[in-house]
Amino acid sequence: MRIVIGEGSCGIAAGASKVHKAIEALMTENEPFELGSTGCIGMCFLEPIVDLYDGKTLLRRLVKVSADDAANIVEAARSGDVSKVDSITISAEDEEFLSRQTRIALRHCGLIDPVSLDDYREADGYQALEKALKTMTPEQVIEEIKVSGLAGRGGAGFPTWFKWNAARQSVSETKYLICNADEGDPGAFMDRAVIESDPHSLIEGMLIGAYAIGACEMIVYVRAEYPLAITNLEIAIAQAKKANLLGENILGTGFSCDMRIKAGAGAFVCGEETALIESLEGKRGMPRLKPPFPAQKGYMDEPSNINNVETFANVAWIINNGGEAFAAMGTENSKGTKVFALTGKIRKGGLVEIPMGKTLRDVIYGIGGGIRDDKEFKAVQMGGPSGGCIPKELLDTVIDYKALAATGAIMGSGGMVVMDESTCMVGMAKFFLDFTALESCGKCVHCRIGTARMQEILTRIVKGEGKEGDIELLEELCEAVKDGALCGLGQTAPNPVLTTIRYFRNEYEAHIKEKKCPAKECVDLLTYSIDADKCKGCTLCAKKCPAKAISGEVKQAHVIDSDVCIRCGQCVSSCRFGAIVVE
Amino acid sequence: MEQIRITVNGREMVGEKGETVLNIAARNGIEIPNLCYNGKLKLYGACGLCLVEAENSPKLMRACATVAQDGMVLSTNTPRVKKARKIALELIMSDHSGDCVAPCSLNCPAHTDIQGYLKAIANGDDKEAVKIIKEKIPIPASIGRVCPHPCESNCRRRLVEEPLSVAYLKAFAADNDLASDAPYTAAPEEASGKKVAVIGGGPAGLTAAYYLCLSGHAVTVYEAMPEMGGMLRYGIPEYRLPKAVLAKEVAAIEKLGVEMKNNVKVGKDISFEEIKNGADAVLVTIGAWKGSSIGCVGEDLEGVLSGIDFLREVNMGNRPEIGKNVTVVGGGNTAMDACRTAIRCGAENVYVIYRRTRAEAPAEDIEIEEAIEEGVEFLFLTNPAEIIGENGKVSSIKLQVMQLGEPDASGRRKPVPVEGEFRTLDVDTVISAIGQKCAPSGLEEIELTRWGTIVAAKSTCLTNVEGVFAAGDATNNGASIAIDAIAEANEAARAINAYLLGMPMDFPEPYYSKKDVTAEMLADREKKARAVMSVKSPEYRRNNFDEVLNGFTEEQAREEAKRCLECGCHDFKECKLIRYANDEPIAPERLSGAIHESFKETRLVTIERDQGKCILCNLCVRTCKEDVGASILGLVGRGFKTVIKPEFEGTDKIEICKTCGKCVEVCPTGALKLLK
């Protein structure tokens with residue numbers, strides 16, 4: 001028997017390390033079971049997760065495990081009587097979260113030990129590399145990727161083969177293959193999961209790419225906020241070097257390529273490929289003008305190819321299974337699978353990998369289980385700060401680059417933030433614009449000042465100080481920034497604003513004209529009062545109120561002084577009679 | 001080099017392969033606006049002004065960074081391009097905090113370059129000062145004495161201690177220049193062959209005549225009175241503006257080539273038709289020479305006269321019989337001129353009747369002060385109720401006592417009668433100085449407002465009659481201060497010149513960047529009191545018309561001029577940003593929000609950098625790095641808060657700075673300044 005603990009960052013955050021230590025503490029010498037760890041399986045809503053294996057067979061998946069469960073787990077592992085952990089075993093319904101997915105990029109995540117080259121090799125690891133290096137020409141590799149229809153998973157969805165081919169065509173002795181692991185979208189974490197949980201698949205995918213374009217060095221630009229990913233990747237690189245999978249004369253084929261990690265300081269703009277290159281060169285992360293494209297003049301002015309983690313994670317699978325198998329999934333113009341990071345007001349949040357062509361409803365309701373607390377679905381923000389929101393009416397939109405773009409949103413890197421009726425869409429737009437305005441590198445006028453001005457307008461709207469004409473002014477600024485900004489960050493920054501205006505204009509108007517927030521989220525626009533018929537005079541709210549805004553005699557209806565009230569909502573949560581009215 | 005052909009704005013042009021669109025267009029005479037481009041440096045593409053539209057391309061392109069391809073068809077002035085450029089400029093200007101022009105100049109109706117001439121005076125170069133002043137005011141010695149100087153009311157030095165004595169400094173420089181061996185004279189342009197007739201030789205007429213003459217046109221001024229100068233000659237008393245000073249300035253204009261015809265009244269001595277037929281353009285600057293009536297019983301009695309009639313009589317050398325007791329009605333500068341003139345004419349008791357209080361009186365406070373010194377008695381909060389006469393002649397005046405009520409539309413508290421309270425004064429003369437009216441005659445074709453003033457279009461000064469323009473007190477809102485008339489005359493001269501050359505006459509209001517400055521921002525300035533000009537004693541003044549002011553001493557004037565804070569931008573004339581901002585109308589106010597505060601970086605020792613004016617084009621940073629190879633400057637911070645500072649905020653790098661000044665040279669605005 002084997003106890004395997006899911007110890008990706010999210011598992012650790014939920015308490016997986018404590019579980020690990022608790023189990024370890026109970027273990028004596030010569031236990032009849034082993035204790036191991038794996039990466040992220042992607043079921044955030046069930047963390048910490050512990051799997052019980054018999055050989056390669058998964059006996060039980062235990063969820064929301066706490067250190068208190070350690071004794072039962074150890075007992076079950078010792079005795080083989082897994083009924084001892086029935087109470088924490090995953091439900092059949094929750095199992096569907098995974099069974100309804102089709103995993104390619106995440107194929108090993110949560111299943112293998114991330115820092116075990118043997119585990120990876122057992123799972124067919126490095127077979128694709130061997131196949132490519134020994135049986136295929138670089139052109140054939142590119143052709144296979146072309147057949148697969150793989151497109152950049154970082155956001156833009158540019159055909160991967162085209163970039164590879166362009167870099168291949170650029171004549172130079174020195175070429176670079178760069179992996180963009182900056183993953184700046186605050187709602188996305190699939191790249192982190194891949195590096196943490198399956199670092200060798202990234203190395204293998206990159207090696208195949210390096211071989212295809214003729215690169216001599218591979219660089220992974222990963223954000224410093226991902227320490228576990230960096231650690232696991234460092235270990236994997238060391239293992240690969242030792243196993244002659246990296247370095248000189250790889251696998252005896254004559255192909256040589258080295259690899260290194262560059263930790264980025266976490267500027268969102270460094271996810272933009274030319275800014276990333278500047279940062280790699282040790283300069284301030286600011287985008288360059290294109291052309292010249294990186295395939296012509298990239299890192300150190302040499303031809304460079306940049307793909308993101310998820311893109312590379314698909315490559316070995318494609319070489320192993322053939323481009324056609326990949327292309328068999330998806331739609332006319334979007335092939336294969338896509339990983340989404342499902343978060344927000346969703347019942348089951350986590351990483352979801354599904355074939356292109358499924359609908360948003362399939363993801364949000366079919367896999368995610370719908371909205372938490374039985375609330376009404378309002379919209380989903382696709383593509384993070386660069387993306388847009390998609391409202392309820394468009395839930396049946398097919399997951400496809402073009403279809404999503406038609407809604408005003410983007411596929412993006414796969415962030416999917418679900419919002420319910422209690423989310424203010426103006427506030428939501430402001431949230432993302434606050435982010436992009438802060439993350440603007442400051443180089444071009446449109447982005448530096450344009451986003452700041454939009455942010456100021458949104459701020460005054462949510463404060464109830466919006467003016468007639470503000471919506472139109474926002475729209476004008478949005479169009480100008482989209483048209484005039486230098487790089488993707490600025491060009492896409494208006495998307496959350498434009499889509500919320502497009503689908504929820506009435507909410508903007510309510511804020512500006514009636515000084516009301518329909519979702520009751522903008523505190524400056526709320527008034528708290530007490531329904532005298534419902535108030536029992538229990539005094540609890542008055543005691544809880546940090547502003548001392550509530551007064552009244554015992555067993556008499558209380559009142560809130562709205563001039564003193566700071567609209568913190570403490571009274572609402574403390575009242576047992578539902579007497580607090582928020583308007 | 002391989003050649004390529006592109007089309008810009010419908011014009012085919014040839015470029016070399018690899019050249020940018022911006023360069024090819026520039027070489028062929030089409031300037032595509034840009035603020036961050038410099039041919040010596042690597043492409044940057046930040047300002048977004050050079051956006052152009054290419055045929056068959058959905059996106060706008062940055063001309064500075066677009067390598068021209070053979071056969072490209074581009075436009076730099078389509079509505080889409082203009083819109084994009086406009087909003088880019090508005091965004092830049094919304095975070096550009098600086099004063100293009102100093103507030104004194106902005107608030108001078110004629111927008112005289114005050115900072116410029118004060119600097120010249122401070123440097124002891126009065127001729128240069130006069131040259132600068134005469135770009136707007138051809139009669140500075142006169143105007144310097146009489147102007148109520150809105151410039152001083154807006155001088156930022158008042159936030160330190162007191163405003164500069166701008167008007168008197170102007171008079172000082174002009175007096176010195178007039179007294180010099182070779183007073184400043186501008187040179188007229190080559191004769192245009194066009195003729196302009198100016199009707200009325202007051203400040204407006206003289207000003208327009210001067211500038212039209214300088215533009216090469218043949219100008220004739222027709223003046224109804226025996227001498228030129230209008231109200232400056234016949235309204236302002238000698239003790240404020242010695243007529244000899246005015247005469248010198250008039251003579252200088254005549255010497256320039258302006259033909260002056262005195263004692264010619266249009267409609268009487270010559271017909272308007274005749275004047276029109278004899279000129280290519282006519283400017284009407286007849287002023288407002290009729291006093292407004294008091295509007296109470298008895299105003300037709302003998303001994304009731306208007307302030308301007310009284311002043312004109314005195315200024316013509318006559319001494320009207322006014323008796324011992326004189327009452328002047330009104331609280332403006334004309335009332336002050338009248339009461340002080342009455343004192344000088346021998347009246348024993350001179351009263352000023354004003355229905356509000358001293359605080360509301362439109363007269364300059366110094367005028368009230370000096371009048372009191374000379375013995376004038378002010379009866380504030382009184383209003384004439386009735387002028388009482390004996391045998392058809394004024395004997396006394398009944399005054400209604402007033403009090404201040406609610407503020408009126410102008411914001412001043414409205415005077416209301418105190419029911420039943422009156423007082424009576426025995427008087428020999430009542431002088432009404434409560435306003436002036438325009439009374440045009442002989443100009444019947446010209447459309448008038450319902451107040452009897454001439455309807456003249458804003459900016460062009462055009463009347464309803466083809467080729468006839470009007471300016472000054474005679475137009476629109478009527479009488480105002482001399483500098484207003486001069487300002488309008490400047491506009492009229494500009495419009496007439498354009499009209500004569502067949503050019504568009506409408507000149508849009510220029511756009512200026514302005515900054516809000518508080519006293520705290522100037523807290524570090526050394527305090528230096530305003531120069532006080534010595535005046536003749538009240539006792540001396542009462543019985544003669546000698547000039548009250550003694551003038552500044554040389555030392556006083558130079559020191560006073562040095563008090564100027566130089567609020568206007570040193571780079572205004574070369575600034576690319578403001579030039580583009582004036583190409584098409586922009587409205588950055590609609591985008592107003594946070595700004596980069598005007599922090600002055602002085603660590604570079606000899607180079608001062610004003611953060612408020614910096615537009616982050618990064619040219620200084622790039623020049624220092626790529627051209628000079630020093631890399632002293634760098635960008636610090638992110639997003640809107642990005643600023644340029646010595647790189648990594650260190651001090652060690654600053655020591656490398658050799659003050660080569662290249663960063664200052666490339667700065668497209670006035671953010672960088674060499675201190676020397």
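These are my notebook entries on what I looked up in this predicted model.

**Entry 1. Chain A as a whole**

I began with the secondary structure of chain A, which comes to 23 helices and 17 strands. I noted the extent of the C-alpha trace of chain A along its principal axes, about 85 × 65 × 40 Å. Of the 583 residues in chain A, 56% are buried. I also looked at contacts in chain A between residues at least 6 apart in sequence, and 72% of these join residues at least 24 apart.

**Entry 2. Where chain A touches chain B**

How many residues does each chain bring to the contact? I found 24 residues from chain A and 26 residues from chain B. On the side of chain A that touches chain B, the elements giving two or more residues are helix H17 (425-439), helix H18 (445-462) and helix H19 (470-484). H18(A) gives the most to this side, with eight residues. Sorted by class, the side of chain A that touches chain B has 12 nonpolar, five polar and seven charged residues.

**Entry 3. The nonpolar cores**

I turned to the largest nonpolar core, which has 382 residues. Leu283(B), Val328(B) and Phe469(B) have the most contacts inside this core. Helix H16 of chain B (residues 482-500) supplies the largest share of the core, 12 residues. I also found a second, separate core of 13 residues, with Ala542(A), Ala549(A), Cys571(A) and Ile580(A) among them.

Which residues is Leu283(B) in contact with, leaving aside its neighbours within four places in sequence? I listed Val196(B), Val198(B) and Ala208(B), then Phe469(B), Ala470(B) and Ala471(B), and finally Ala492(B) and Ile496(B). Phe469(B) in that list is also one of the residues with the most contacts inside the core.

**Entry 4. Helix H16 of chain B**

Is H16(B) mostly covered or mostly uncovered? I found H16(B) mostly covered, as 16 of its 19 residues are buried. I then checked the length of H16(B). At 1.5 Å a residue, its 19 residues should span 27 Å, and the end C-alpha atoms are 26 Å apart, which agrees.

Methods. Residues numbered from 1 in each chain as written. Chains lettered and ligands numbered in written order. Predicted model: local features only at pLDDT ≥ 70, side-chain atom pairs only at ≥ 80, totals over all residues. Core = buried A, V, L, I, M, F, W, Y, C linked by C-beta atoms within 7 Å. Buried ≥ 20, exposed ≤ 12 C-beta atoms within 10 Å, placed from the backbone. Helix = DSSP H or I, 4+ residues; strand = E, 2+ residues; numbered from the N terminus. Contact = placed C-beta atoms within 7 Å. Expected span 1.5 Å × (residues − 1). Nonpolar A, V, L, I, M, F, W, Y, C, P; charged D, E, K, R; others polar.
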